[in-house]
Amino acid sequence: MDFVCNFPFFCIVLCLATGVISSVLKPKVAKVVSVTLVSVCLVCSFCVLLYTVETGEAFTYMMGHFPAPFGNEIRAGVLEGVMATFFSVIMLLAILGGEKYIKIDVEEPKQNLVFVLINLLLSSLLALVYTNDLFTAYVFVEINTIAAGGLIMIRSNGHCVLASMKYMIMSLLGSGLLLIGITLQYDLTGHLLMSNIKDSIAVLAANGEYTVPLTVIIGLMSVGIAIKSALFPFHAWLADAYGYSTASSAAILSSLVSKAYIFLLIKIMYRVIGTEVFWDSKITNVFFILGVAGMLFGSFSAIKEHDMRRMIAFSSVAQIGYIYMGLGFGTELGMVAAVFHILSHAATKSMLFVACRGLSEVSGNKKDFSDLKGSGFRNKPAGVAFSVGAFSMVGVPLFAGFISKLYLTSAALETMSVKMAVAVIVLAISTILNALYFIRAVISIYTPRNEHYRDASFRPGKTFCVGMVCFIVINFVLGLASFPIINAIEQGLHMFS
Amino acid sequence: MLGNLFANYYEAVSMILFGIGFTTLLLNRNMIKKILGLNIMDTAIYLFLAAKGYIFGRKVPIVTGTVPEPEKYINPIPTGLVLTGIVVSVSVTAVMLSLTIRLYRRYRTLDIDEITRFVKEEK
């Protein structure tokens, strides 16, 4: 076994350990520790990615002294490498970009706790990406929930505490369903390691035994994860949680937390249930319908919104709908499109949240469209980043959002059924709706008004500029050089099955 | 049909409890009752797991002295899962209770709908 195989485990344990240590450090030191940690995780994950691409196969890593059916395992393939690298990058940029606003939004004695939560969150994200054990996945789902709830309530005004409460309630409903799903499948197969479960379920499906319990298990796990990742009818908590928390929290929550759950769902599809059984169970149709509904209703809610942050939050509902629509096709290409959309949405949405905070900073810390008018001139890097993000969300060519829409459409065209017509029409309508509210937002930030907010001494922070530039670069990389990434995703999904 | 329910009464009861907990957590307006619902829901799952791990007529899986044959003991894995699950649900309950305390100190009520109204007026 090569040394690189230890990296996933190192990253997870390092994150947990630094999370504990950061709780007694001063905010400044905690920030340095956190940034260093995320960078280390980034490098390690990238090494894992290169290693798996080079060897061309996934590796499993035994945790503890007990071999496969008894002990716990970590597994890393190309897709895990891509996801872990990407999550670390976005996490790093969200911290860098929003660092100044953590100081403004969060009370002084609590500032180091932000970094504690960020470290714990990263550990749970990495564990969710790498784990090969379903019950471990559940435990880290809960750690993720607690850390995310903490990140919402760290800004202690009434909105955030209430949003955090609502988030916790919905999330716990979701994890309850996930846990009972895992319990039932343990009852059925007697295993908790993903590869063993898949073998047992393949035997059960081939013999045609236990079809009803199997469908119930698939349904429970899927609905549990759908609630946690804010699929359309379960999105009530989302707008408040993303709209009022501090910029970094909103960026991390929208682009990483909900995406990690969707990645877990993809893992369950491929590695636990097996794609054939999963697609035969027709639960994909539910995903498709809810995804399509989310694309429309998320956009409608966003159009009605006067608060820019809440508008971006509702746009997330629509984008999660895109991802679930991709999963709902039940085809290989649909999965590739969905995974690519996870990446492109994560890169874009976190940029939008941080940029929007930058714009509201030069508008008297207000978030309404009327106050934000002309803010693109007052804070130039934030204005540029916001425009890039808006164009990407709409799906203008050159940007990341275009490629994911292209792949979603081609996946739709490939299915050759009712889904094809519905998907293509709704994609078109949803693009127009996206354009309606995002172009309106871009126009309003570049309408020269509100001169009284102009402050000649204002300079955007250095880390903020670095974060924004990197976000923009990532967006262009995803938009212009998508082939290697798509290839890696295809290879990774191939390794899954 | 009913015979199956009576034969598996542990499982049936735990599913009923799960339903009670789930609906309380989802629908009740009082936050303390919501947390109680959460705990009922989690406990129902632990009951289910414990019932599944138990094998009639066998002993607790604690080895004393020599290691005898495994056929004498019940399945220890579900018990382990229950322990892990209890730790998780204790920590989640603690977080929820602390949130409830903060909301109660600020708004002097436990009704989540009322708090939502107060927060909206706050702006």
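Me: Which residues does A:Phe314 touch, not counting residues up to four places away in sequence?

Reply: This is a predicted model, in which local features need pLDDT of at least 70 and side-chain atom pairs count only at pLDDT 80 or more, whereas totals for chains, interfaces and linings use all residues. Residues are numbered from 1 along each chain as its sequence is written, while chains are lettered from A and ligands numbered from 1 in the order in which they are written. Two residues are in contact if their C-beta atoms, placed from the backbone, lie within 7 Å. Leaving out residues up to four places away in sequence, A:Phe314 touches A:Ala239, A:Gly298, A:Ser301, A:Ala302 and A:Glu305.

Me: Is A:Phe314 buried or exposed?

Reply: A:Phe314 has its place in helix H13 (residues 308-328) of chain A; helices (H or I, at least four residues) are DSSP runs, numbered from the N terminus. A residue is buried if 20 or more other C-beta atoms lie within 10 Å of its own, exposed if 12 or fewer, and partly exposed in between. Because 26 other C-beta atoms lie within 10 Å of A:Phe314, the residue is buried.

Me: What is the C-alpha to C-alpha distance in space from A:Phe314 to A:Leu238?

Reply: In sequence, A:Phe314 and A:Leu238 are 76 residues apart. In space, C-alpha to C-alpha, A:Phe314 and A:Leu238 are separated by 7.7 Å.

Me: Is A:Glu108 buried or exposed?

Reply: A:Glu108 lies in the loop between helix H3 (78-105) and helix H4 (111-130) of chain A. A:Pro27 is 81 residues away from A:Glu108 in sequence and 8.2 Å away in space, C-alpha to C-alpha. Because A:Glu108 has 8 C-beta neighbours inside 10 Å, A:Glu108 counts as exposed.

Me: How are H6(A) and H8(A) oriented, roughly parallel or roughly antiparallel?

Reply: The axes of helix H6 (residues 158-189) and helix H8 (residues 211-228) of chain A come within 7 Å and cross at roughly 155°. Axes are lines fitted to C-alpha atoms, for helices over the stretch in contact, and angles run from 0 to 180 degrees between N-to-C directions. Angles under 35 degrees count as roughly parallel, over 145 as roughly antiparallel, 65 to 115 as roughly perpendicular and the rest as oblique. The crossing angle therefore makes H6(A), relative to H8(A), roughly antiparallel.

Me: How many nonpolar, polar and charged residues make the contact of H6(A) with H8(A)?

Reply: Residues including A:Met170, A:Leu177 and A:Leu184 of H6(A) meet residues including A:Val216, A:Leu220 and A:Lys228 of H8(A). Ala, Val, Leu, Ile, Met, Phe, Trp, Tyr, Cys and Pro count as nonpolar, Asp, Glu, Lys and Arg as charged, and the others, Gly among them, as polar. By these classes, the contact has 15 nonpolar, six polar and one charged.

Me: How is H6(A) oriented to H3(B), roughly parallel or roughly antiparallel?

Reply: Among the residues that meet are A:Leu172 and A:Asp187 in H6(A), and B:Lys34 and B:Phe48 in H3(B). This contact divides into nine nonpolar, two polar and four charged residues. The axes of H6(A) and H3(B) come within 10 Å and cross at roughly 10°. H6(A) and H3(B) are therefore roughly parallel.

Me: Which helix gives the most to the side of chain B that touches chain A?

Reply: The contact takes 28 residues from chain B and 21 residues from chain A. On the side of chain B, helix H2 (9-27), helix H3 (31-53), helix H4 (76-107) and helix H5 (112-122) each give two or more residues. That side has 19 nonpolar, three polar and six charged residues. With eleven residues, the most is given by H4(B).

Me: At what angle do H5(A) and H10(A) pack?

Reply: The contact joins residues including A:Ala137 and A:Leu151 of H5(A) to residues including A:Val257 and A:Leu264 of H10(A). Its residues are eleven nonpolar, two polar and no charged. The two helices are therefore roughly antiparallel to each other. Their axes are 11 Å apart, and the angle is about 165°.
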